[in-house]
Amino acid sequence: CESLSTCHQDNPRWHDGSLNPDGTYTERGWTEEGRSYIDGLRKMSGYTRRRLLEGEWCSADGLVLPEYDKSLHVIDARIEHHSGDHYIAIAGKEERSMVEWYFMSLDFGFRAPGCLQVWAVDQDVKLYRVVEVYQRGKNLDWWADVVCTLAKEFPFHRGVADCADPNAINFLNDRLGRTRGRPLHRMIQPSDKSDGKLHGLDQLRWGLTKEAKGPRTFLFKDALRYGRDTERKTKGKPTCLEEELTSYVWKKVKNGSAEAEEADPNSADHAIDAAVYAHVFAWKKDLKPKKARRTFKPGSLGALLTVDGKELPWPKNR
């Protein structure tokens, strides 16, 4: 494929394209929106300034999850439906992977962003983040509506959320239940942090690793729903899982190195936490819909007796 070099001034929303005599872009050519955006970038420092303002291909030093590779893990894919089953269709690949089950993960937030992710699990137990919602200032009723809307599109009946706020889980479960006219009664369970966050990060790292059979975790491209936080974007802060993965670094110790076994508390981890809950929850589980079991042996009299095409239930006085 062909690589094209571009700059911020090439965006007509930000610059009118006017040039100086030497061929460089004029300062007066910035639109009001473009000037506001560039002024925000100029206030940044470090790798975010180099990457977003100066256009360098760089990432933060001391990444917690260096296994993440956008070209490998972010895939152009969609969900297809055939005969009641869901399939993962990846652009350029003829073969389809069947979705065995879906589930959701949620990291609560109000002043800080909350993040909800919908995950698909295929027959090889690979995880695909198919949808992400990354929003600030939303109450639990709003999140309950989002969960119900997404559950209709991706039929999940289980979810996991931050165990640090059990009251929020109970509150959300109440709003997802029958008393509120919603069909997802107590579907969200607390995340498992019993082995610590480093263990959870290791589970996510195992999903991203390229070794052995290759990655087990993939991210659908353009998965963000309900909009992007423009204020965070202007300030150079992450607005989705992909952006958090490239800025999540280890906490630096006194000599300035990144050797401490603790993530920098200044690094955004809302989507990463949701992904960690998902990976600890998902491995070694099987939540695909249960198939109805026959109550009588095939060929027996009971198996032959049906009402409206349905097998009769096993009698209580058997």
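This is a predicted model: local features need pLDDT of at least 70, side-chain atom pairs count only at pLDDT 80 or more; totals for chains, interfaces and linings use all residues.
**Helix H6 and its surroundings**

Let's start with helix H6, which covers residues 197-208 and so counts 12 residues. From its first C-alpha to its last it reaches 17 Å, close to the 16 Å expected at 1.5 Å a residue. Several of its residues are buried: Gly 200, Leu 201, Gln 203, Leu 204, Arg 205, Gly 207 and Leu 208. The cover over these buried residues includes helix H3 (70-73), strand S9 (217-220) and helix H9 (270-282). As a reminder for reading such a list, an α-helix has 3.6 residues a turn, so residues three or four places apart point the same way.

**The cavity**

How many cavities of 30 Å³ or more does a search of the whole structure find? The search returns 1. The largest cavity has a volume of about 30 Å³, and its lining is made by Leu 204, Leu 208, Thr 217, Leu 219, Leu 241 and Leu 245. H6, S9 and H8 are the elements that give two or more residues to this lining. Two of the lining residues, Leu 204 and Leu 208, are also among the buried residues of H6.

Next comes Glu 132, found in strand S6 (residues 127-135). Is Glu 132 buried or exposed? Its relative accessible area is 0%, which is under the 20% cut-off, so Glu 132 is buried. The side chain of Glu 132 has a polar contact of 3.2 Å with the side chain of Arg 129. Leaving aside residues up to four places away in sequence, Glu 132 touches Cys 115, Leu 116, Gln 117, Ala 223, Leu 224, Arg 225, Cys 240, Leu 241 and Ala 271. One of these contacts, Leu 241, also lines the largest cavity.

**Salt bridges**

Over the whole structure, a search finds 17 salt bridges. Here are some of them, with the distance given between N and O atoms.

| Pair | N to O distance |
|---|---|
| Arg 96 and Glu 80 | 3.2 Å |
| Asp 174 and Arg 175 | 3.1 Å |
| Glu 243 and Arg 228 | 3.5 Å |

Take the salt bridge between Arg 96 and Glu 80. Arg 96 sits in the loop between strand S3 (85-90) and strand S4 (97-107), while Glu 80 belongs to strand S2 (residues 77-82), so the pair ties together parts that are 16 residues apart in sequence. Arg 96 is partly exposed at 31% relative accessible area, whereas Glu 80 is buried at 15%.

What about Glu 243 and Arg 228, whose closest N and O atoms are how far apart? The answer is 3.5 Å. This pair links distant parts of the chain, with Glu 243 in helix H8 (residues 241-245) and Arg 228 in the loop between strand S10 (224-225) and helix H7 (230-234), 15 residues apart. Glu 243 is partly exposed, with a relative accessible area of 30%, and Arg 228 is partly exposed too, at 38%.

Finally, salt bridges that share partners join Glu 67, Asp 202 and Arg 205 into one network. That brings us back to helix H6, where Arg 205 is one of the buried residues.

Terms used:
Residues are numbered from 1 along each chain as its sequence is written. Side-chain values use heavy atoms; hydrogens and water are left out. Helices (H or I, at least four residues) and strands (E, at least two) are DSSP runs, numbered from the N terminus. The expected span of a helix is 1.5 Å times one less than its number of residues. Buried means under 20% relative accessible area, exposed over 50%, partly exposed in between (1.4 Å probe, protein chains only). Contact means heavy atoms within 4.5 Å. A polar contact is a pair of N or O atoms within 3.5 Å; within protein, one must be able to donate a hydrogen and the other to accept it, and residues adjacent in sequence count only if both atoms are side-chain atoms. A salt bridge is a side-chain nitrogen of Lys or Arg within 4 Å of a carboxyl oxygen of Asp or Glu. On a 1 Å grid over the protein atoms alone, a cavity is a set of points where a 1.4 Å probe fits but cannot get out, and a pocket is an open set with protein on both sides within 12 Å along at least five of seven lines; lining residues have an atom within 4 Å of a point. Grid points are joined across faces, edges and corners, and a volume is the space filled by probe spheres set on the points.
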